[in-house]
Amino acid sequence: MAERPSALLRARDLTVVLGGVTVLDRLSLEILPGLRTIVLGANGAGKSVTLRALHGLIPPASGTIDWQGDRTPRQAMVFQRPVMLRRSALANVEYGLAVNGIDGDPRRRRAREAIAKVGLEAIAHRPARVLSGGEQQRLALARAWALEPDILFLDEPTASLDPGAAGEVERIVAAIAAEGTRIVMTTHNLGQARRLADEIVFIHQGRVAEQTPADRFFAEPQSQHARHFLKGELPWN
Amino acid sequence: MFEIFASLGLALDLMANGDSAFVRVVAISLELSLAAAVLGSAIGLPLGALVAIGRFPGRRSLIVSLNALLGLPSVVVGLVVYLMLSRAGPLGTWGLLFTPGAIVIAQTVLVIPIVAALARQVVEDSWNEYAEQLRSLGVGTGRAVRTLLWDTRFSLLTVALAGFGRAASEVGAVMIVGGNIDGVTRVMTTAIALETSKGDLPLALALGIVLILVVLAVNAGAYAIREWSAKHHG
Ligand SMILES: Nc1ncnc2c1ncn2[C@@H]1O[C@H](COP(=O)(O)OP(=O)(O)O)[C@@H](O)[C@H]1O
Ligand SMILES: [Mg+2]
């Protein structure tokens with residue numbers, strides 16, 4: 001508590017072992033309120049596992065995850081491949097709300113608002129699983145957004161989308177952040193990282209190599225690994 | 001060769017004229033198989049879903065039992081049901097032996113493992129896809145089961161159809177527990193066996209054709225459901 005009492009989330013020495021392999025190796029990181037964090041790193045560095053561990057989907061072998069305050073904040077996660085239930089787009093958003101104990105009129109209202117905010121009103125009643133990849137990802141964002149989470153994890157939400165759909169997703173992520181939701185997102189797209197990031201967390205072999213304000217990271221990465229990574233990933237798009 | 005064609009002609013005659021013995025057998029057969037498919041699905045579908053995503057003591061032995069039941073010759077199932085229902089058996093007081101009820105019980109026992117095995121596969125596949133998303137949303141086990149059953153509803157309907165097909169084409173167990181009594185427990189398969197042994201080929205053939213049509217219809221129905229749901233629900 002003494003050091004940085006304002007951290008929304010503080011992970012200390014997280015170690016995650018999957019299939020006998022140490023995937024996260026005493027990873028520590030702090031998420032301060034109000035920023036948009038982009039997690040970068042090479043393939044297999046442990047970005048996805050980090051997000052899933054922070055979100056509570058993977059129990060760490062050791063280490064701690066502490067949330068600010070006495071209540072666990074509302075969190076949501078959007079995956080690379082959206083998982084839609086076999087029902088209408090609107091019903092998918094309502095499902096997330098129902099699971100979280102929101103019923104009746106408020107549920108319908110919030111679901112409709114979220115659908116509208118991602119620009120899917122026109123197809124709200126279409127079966128979710130026959131929508132295009134881009135529409136499904138926007139729907140996944142609406143489902144998460146409707147929950148009004150304090151923090152939203154996104155794992156390469158645009159990786160399987162064409163540039164147009166990716167741009168839409170980017171715009172929505174920025175809008176969610178603007179409403180006060182903390183964003184922690186991974187991406188392979190450095191252009192996207194530059195547009196969205198306030199700060200960069202760079203992961204190398206299951207550890208945080210650096211956590212740096214975005215401007216500074218792209219101008220002058222602090223770690224050797226990030227320097228190599230940025231060189232290898234040029235040109236930016 | 002000529003005899004086969006002659007029999008075939010007579011068989012088509014029976015079908016076209018709605019011969020009463022023929023219609024009676026078909027009606028009894030479909031009715032009992034439908035009952036067994038409904039009962040077997042009511043038990044087998046949740047059982048399959050439970051085995052697919054539940055983690056509970058006894059799960060392994062349940063899987064082994066279901067698999068064993070799947071491989072059991074149906075006459076043996078018939079024999080066991082016969083022993084249970086016979087006057088001296090534990091369920092003898094029900095007085096069900098040689099009644100349609102006995103047939104439904106035997107068919108249900110045969111339908112359950114098939115429906116459970118197919119349902120388990122369907123639900124497990126879907127669970128692999130949904131698990132992280134549902135946990136992320138905060139869904140508990142009870143709601144997860146309900147969500148999966150609903151989301152796989154079209155596939156599960158085809159599973160139930162497969163159960164119906166299994167029940168309708170069953171012969172050994174049905175013969176043993178039903179006794180092949182005309183107008184009561186004589187179904188298509190047992191009638192075919194009897195009429196063939198008596199040399200009455202036209203009736204046997206007519207029933208055989210209906211049975212083939214039923215099996216075809218079941219498969220066509222399952223195919224249509226899959227196509228339609230893939231197109232309209234993804
Ligand atoms: N379920 C699993 N079992 C075993 N190893 C895994 C599992 N999931 C991920 N890993 C391994 O963990 C490492 C980090 O994975 P991941 O976090 O997905 O990487 P990325 O940074 O590309 O998102 C990889 O080497 C991957 O092979
Ligand atoms: Mg990844």
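A polar contact is a pair of N or O atoms within 3.5 Å; within protein, one must be able to donate a hydrogen and the other to accept it, and residues adjacent in sequence count only if both atoms are side-chain atoms. Keep that in mind for the close-ups below.

This is a predicted model, in which local features need pLDDT of at least 70, side-chain atom pairs count only at pLDDT 80 or more, and totals for chains, interfaces and linings use all residues. Residues are numbered from 1 along each chain as its sequence is written, chains are lettered from A and ligands numbered from 1 in the order in which they are written, and side-chain values use heavy atoms, with hydrogens and water left out.

**View 1. Polar contacts of ligand 1.** Look for the side chain of Ser48(A): one of its polar atoms is 2.7 Å from an oxygen atom of ligand 1. The backbone takes part too, with a polar atom of Lys47(A) 2.8 Å from a ligand oxygen and one of Val49(A) at 2.9 Å from a ligand oxygen. On its own ligand 1 exposes 560 Å², and the protein buries 59% of that (accessible areas by the Shrake-Rupley method with a 1.4 Å probe).

**View 2. The shell around ligand 1.** Residues around the ligand (a heavy atom within 4 Å of it) include Leu18(A), Val23(A) and Ala42(A). Helix α1 of chain A, residues 47-55, gives the largest share, 3 residues; helices here are DSSP runs (H or I, at least four residues), strands are E runs of at least two, and both are numbered from the N terminus.

**View 3. Helices α5 and α7 of chain B.** Chain B has 10 helices and 0 strands. The axes of α5 (residues 100-137) and α7 (residues 153-168) come within 9 Å and cross at roughly 155 degrees; axes are lines fitted to C-alpha atoms, for helices over the stretch in contact, and angles run from 0 to 180 degrees between N-to-C directions. α5(B) and α7(B) are therefore roughly antiparallel (over 145 degrees).

**View 4. Helices α3 and α5 of chain B.** Here the axes of α3(B) (residues 59-71) and α5(B) come within 8 Å and cross at roughly 125 degrees.

Note on methods
Parallel < 35°, antiparallel > 145°, perpendicular 65-115°, else oblique.
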